[in-house]
Amino acid sequence: MRRRLILLLASAAMLFAQKRPFDVNALMELKRIGDPQISPDGRWVTFGVQSVDVAANKKPQQIWVVPLAGGPPRQMTTEGEANQRARWSPDSRHIAYISDRGGTSQVWLMDPDGANQKQVTNLSTEADGVLHSPDGRNLLFTSEVYPECGADDACNKRNLDADKNSKVHARIYTELLYRHWNTWQSRRRSHLLVVPVSGGVPKDLTPGAHDVPPFSLGGPDDYDISPDGTEVCYSMNADPVPAASTNADLYVVSINGGESRRITATPGADSSPHYSPDGKYIAWRAQFRAGYESDRFRLLALERTTGKVTNLTETLDRWVNSFTWTPDSMGLFFTTADRGRQAIQLISVSGGAVRVAASGDAELDDMVLTRDGKTMVYTQQTGMSPIEIYRAASTGGTPVALTRLNNQTLDSYQLTPLEEFWVDAADGSRVQSFVVKPYGFQANRKYPVLMLIHGGPQGNWGHNWTYRWNAQVFAAAGYLVVEPNPRGSTGYGQKFIDEINGDWGGRAFDDIMAATDRAVNLPYADAGRVVAAGGSYGGYMVDWILGHTQRFKALISHDGVYDLTSEFGATEELWFPIWEMGGTPWDKPEDYARWSPSHYAKDFHTPTLVIHGEQDFRVPYTQGLQLFTALQMQKVPSKLLVFPDEGHWVLKPQNSLLWYKTFIDWLDSWVKK
């Protein structure tokens, strides 16, 4: 018996050893799944699949379908490179979707089996974000039009042609916001348009100079159609300087057009409106503090006939991230992040106790329900597996995987489960970190430690999957990966989030150092080979670390803030630094100087790789150039990697391959010599 057990264990060890390290090439093999939608008749689930074509340097998207009862998934679209956002008609007879198969992004329709694919819109300004009206008569969508033209496509085309054919492409601005993320503001604005399902001339429901929907702070759609198909509710920021404001409000307008009416008045963001199936309520996510994009997202419900508003989640000290109504309009399912996990919960429309519907060491999201409310479909991802789609009873129970598109790839590689530890920070606060052990881990060996610092700063690490900072890839390269969630991280209560405001290099730095102390004391960690890397705010923290400690052998700063004053003058969402630093640089010069890594450049000594995208308007690439200049002038070993065709994130497949290779090679050169 003992010999048989030894043989079984040996066989299992050999099988495990045969699995390959999960490198960046394996990452590129995965299919990226999302946006599940149940057909109203309860038979099918459509979803989107993005694959990676490294040779073509593209990521084509197609629409797939799988039986709700289970069975093999099937690809429905094949033409074009961007087929997405499948939405069922109320009678389940048609699927509206967005496709570029004709050369531009337009609304298309197809049958439930993928047959009879036909184009509905043919707008020069293109189309996106399609919704079926619940009465089956209309299609609502967004299009970036010239405000003076609205839905008049001939007018829009004349303007587009004139802009394209002009020999001068200079930009002139007289107000903020003049660029965003990676795009310069043009004369066009996003509007909501409506067109009959049968086709015809679209109608502009949101004329004027404002973007509808506004640029989002995250969450579900910022518009919806009433169950009777007669009214549209949408979010819009009408403040005169949107660059300094998060104050989006909800408005309603007839689907036939006309005057819009504002229905909310909170000083923060009101977003993601969603009518109850019976039409009695509108639920939405709200923030109460003006100008603070990381205020707590509450779930509110407005009774349409009386105007009564109920704050459903005021006693819940976590953000509401997404939500959906129960078919009987008596409750809402919603998601919240807590300590690195995201669960699905249920609350009554009148408020009260919250019940957990689905949870685990995972991130659950995108829940949709069958019309009878008995079955829920949702997405699940973990630190070891990307998004797949699951089905479960809405009352709980064991979930069933509807898709397994990545199993064959994942089964070929070694992936390591997330572990975690907690430490006491300098002020006594508890700080959580996640750990991914290296490929081929042996407890009697010592491994170099990689501290990964997340962005935001109001973000987090946890049981989810990422393609841009994938801990499994770094672990496959032989690193013990540690992901701390310092002050400012989400999922630990609003007080924990707020404690980074005006204190960027203070308690968060102490938290990361406490986590590093704990990590290097792990029996398999090599305390003499510790490195750190981060992006965005994580890049800021790396820049801050440069001037405040020499305990790391090497550092990587990706799109990091180096000089807070010059960053303020060049970034676009000005509400962010105004809130975080308590004002402008001329109002608070001492605070901007105190927390600016550039003021500590004389203390830079650690070898550093600097990475930046030239199209990054959030943290302009001159921040990276300033950092690299400071390092080079002081003869600190350093390297600069600049992507001319990337913004805040590296998204193109071949750029991503170079990013990972340069990242790992840099660290290896300092801890694996």
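**Entry 1: the second largest pocket**

I began with the second largest pocket, which is lined by 17 residues, and I noted that Thr326, Asp328, Gly331, Phe333 and Leu346 lie nearest its centre. The model is a predicted one, in which local features need pLDDT of at least 70 and side-chain atom pairs count only at pLDDT 80 or more, while totals for chains, interfaces and linings use all residues. Residues are numbered from 1 along each chain as its sequence is written, and side-chain values use heavy atoms, with hydrogens and water left out.

For my own reference, I wrote down that, on a 1 Å grid over the protein atoms alone, a pocket is an open set of points with protein on both sides within 12 Å along at least five of seven lines, that a cavity is a set of points where a 1.4 Å probe fits but cannot get out, and that lining residues have an atom within 4 Å of a point. I looked up the volume of this second largest pocket and found about 170 Å³ (the space filled by probe spheres set on the grid points, which are joined across faces, edges and corners).

I then asked which strand gives the most to the lining of the second largest pocket. Strand 26 does, with three residues, and strand 25 (331-338), strand 26 (341-348) and strand 27 (354-358) each supply at least two (strands are DSSP runs of E, at least two residues, and helices are runs of H or I, at least four, numbered from the N terminus).

**Entry 2: the cavities**

I counted three cavities of 30 Å³ or more. The largest cavity has a volume of about 120 Å³, and of the 14 residues that line it, the closest to its centre are Pro214, Phe215, Leu217, Thr246 and Ala248.

The second largest cavity has a volume of about 70 Å³, and I noted that its lining includes Tyr467, Arg468, His558 and Trp659. Helix 13 (residues 653-671) gives the most to this lining, with three residues.

**Entry 3: the cysteines**

I found one disulfide in the model (a pair of cysteine sulfur atoms within 2.5 Å), and it is formed by Cys149 and Cys155, whose sulfur atoms are 2.0 Å apart. Why is the disulfide of Cys149 and Cys155 left-handed? It is left-handed because the torsion about its S-S bond is about -60°.

I also checked whether these cysteines are covered: Cys149 is buried at 9% relative accessible area, and Cys155 is buried at 11% (buried means under 20%, exposed over 50% and partly exposed in between, with a 1.4 Å probe and protein chains only). Cys233 is buried as well, with a relative accessible area of 0%.
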